[in-house]
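Work through the following exercises with the sequence and the model at hand. Each task is followed by a solution in steps.

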Amino acid sequence: MTQPDEARIQTVQEAKPLFNALPGEPLPYYVANGEGLRFERDGQLWTIIARAGDTGGSFDAAFIRGPRGTGAAAHSLPRHQRSYYVFEGQVQVWLPGRSRVLGPGDSVHVPEGTPIAYRLLGHLSKLLLFSAPGGALDELISGEDQVEHHLYPAGAAGTTTDAGLALPPLGSVAQGDLELLGADDAWDADLPEGNEPYMIRGLEGDRRGWPDSLNAFSSRGRTTGGRYFSVATLGAPAPYIIRHFHQLHTENFFCLSGRIWLWVNGEEILLTAGDYVHAPAGTVHSFAFAAHQTRMLGVLTGNVFEPFFDVTGVDTEDHVYTEGLIDPSVVIGGIKANPDLDLVVTGPPPERTRAPGL
């Protein structure tokens, strides 16, 4: 296992989280829904929330929002593993030999060199693009000017047609176009065994039960070339978990719906739908759900922490949590029995300084 950079961890732990600004180096920060660096491309608004410089080169990320009919022509990137998560609306996606209509919670995962195309099917549809290593956004929105507005213009329109995706080339175009198949209604419930293109429906994949919550892997290290993995959590109101930090990986928190309290280096931050917190290695943090049926997406770099969800939860075929599903001691027991999870506990759960309803 790679040894942590102790000086870097100390620098991170001494930093207060930055609000609604990108730091240019791996430090903790928060971006509210709609904030970030904004660019227009093909009728869509791209809002960058993480660049290679903010993440030590490990990844970059952006939200893509647009009106019905906009999209991206068939294209591929030779060096980047990408995942697209649907936050709002409906999106039709094409991969080699298949096409699906995806909704909120669904996602598509694309290895380097694999062509993909998409078209937004509903107004205000919204995608999260997560790409590793960093630098994909330099290719995807190269040459576009930054804009000040937080929503695409009222007259924005795409250049896609029912006959096919006729958008200008985007990034490195694949050899030949994807076959524009009609969408089918496949269940897409299982993760592949290796790094290949796939789609996965919300709250499908490998599922693990926690007290009052459910964790569902939408990607694992084996499906992303070891670059990252992602877990969708559905849960009930719960107190903060123990304070801790990680020495070797970065944790990214996205609120899909509901309310989430994040405790970040001593600062409390409330996340609602569309908000994001970046917690690089060294960040002392904790979280607590504050609304029923809250949904959170976690994307974590590398795969060193992936076993945590397996050893602290119980296998389940369910797609919703059962309140009080397992004894909380199962979580603590799993942590104690597995000391190589890149988890450093720093103290008990934080005291909430604000009223639970705020």
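**Exercise 1: the largest pocket**

Task: Determine which element gives the largest share of the lining of the largest pocket, and describe that pocket.

Solution. 
Step 1. β23 supplies the largest share of the lining of the largest pocket, namely four residues. Strands (E, at least two residues) and helices (H or I, at least four) are DSSP runs, numbered from the N terminus. The model is predicted: local features need pLDDT of at least 70, side-chain atom pairs count only at pLDDT 80 or more, and totals for chains, interfaces and linings use all residues. Residues are numbered from 1 along each chain as its sequence is written, and side-chain values use heavy atoms, with hydrogens and water left out.
Step 2. On a 1 Å grid over the protein atoms alone, a pocket is an open set of points with protein on both sides within 12 Å along at least five of seven lines, a cavity is a set where a 1.4 Å probe fits but cannot get out, and lining residues have an atom within 4 Å of a point.
Step 3. The lining of the largest pocket consists of 36 residues, and Trp210, Pro239, Ile241, Phe287 and Val331 are those nearest its centre. Elements that give two or more residues to this lining include β16 (213-219), β24 (294-301), α3 (307-312) and α4 (329-336).
Step 4. The volume of the largest pocket is about 720 Å³, where a volume is the space filled by probe spheres set on the grid points, joined across faces, edges and corners.
Step 5. By class, the lining of the largest pocket has 25 nonpolar, nine polar and two charged residues. Ala, Val, Leu, Ile, Met, Phe, Trp, Tyr, Cys and Pro count as nonpolar, Asp, Glu, Lys and Arg as charged, and the others, Gly among them, as polar.

**Exercise 2: the second largest pocket**

Task: Find which helix gives the most to the lining of the second largest pocket.

Solution. 
Step 1. The second largest pocket holds about 330 Å³ of space.
Step 2. Of its 21 lining residues, Gln247, Leu248, His249, Thr250 and Ala281 lie nearest the centre.
Step 3. With three residues, helix α1 (residues 6-13) contributes the most to this lining.
Step 4. The lining of the second largest pocket divides into seven nonpolar, 11 polar and three charged residues.

**Exercise 3: the chain**

Task: Count the helices and strands of the protein chain, and explain why the chain is as compact as a globular protein of its length.

Solution. 
Step 1. The protein chain has four helices and 26 strands.
Step 2. Its radius of gyration is 20 Å, close to the 21 Å that the globule rule gives for 358 residues, so the chain is as compact as a globular protein of that length. The radius is taken over C-alpha atoms, and the globule rule is 2.2 Å times the number of residues to the power 0.38.
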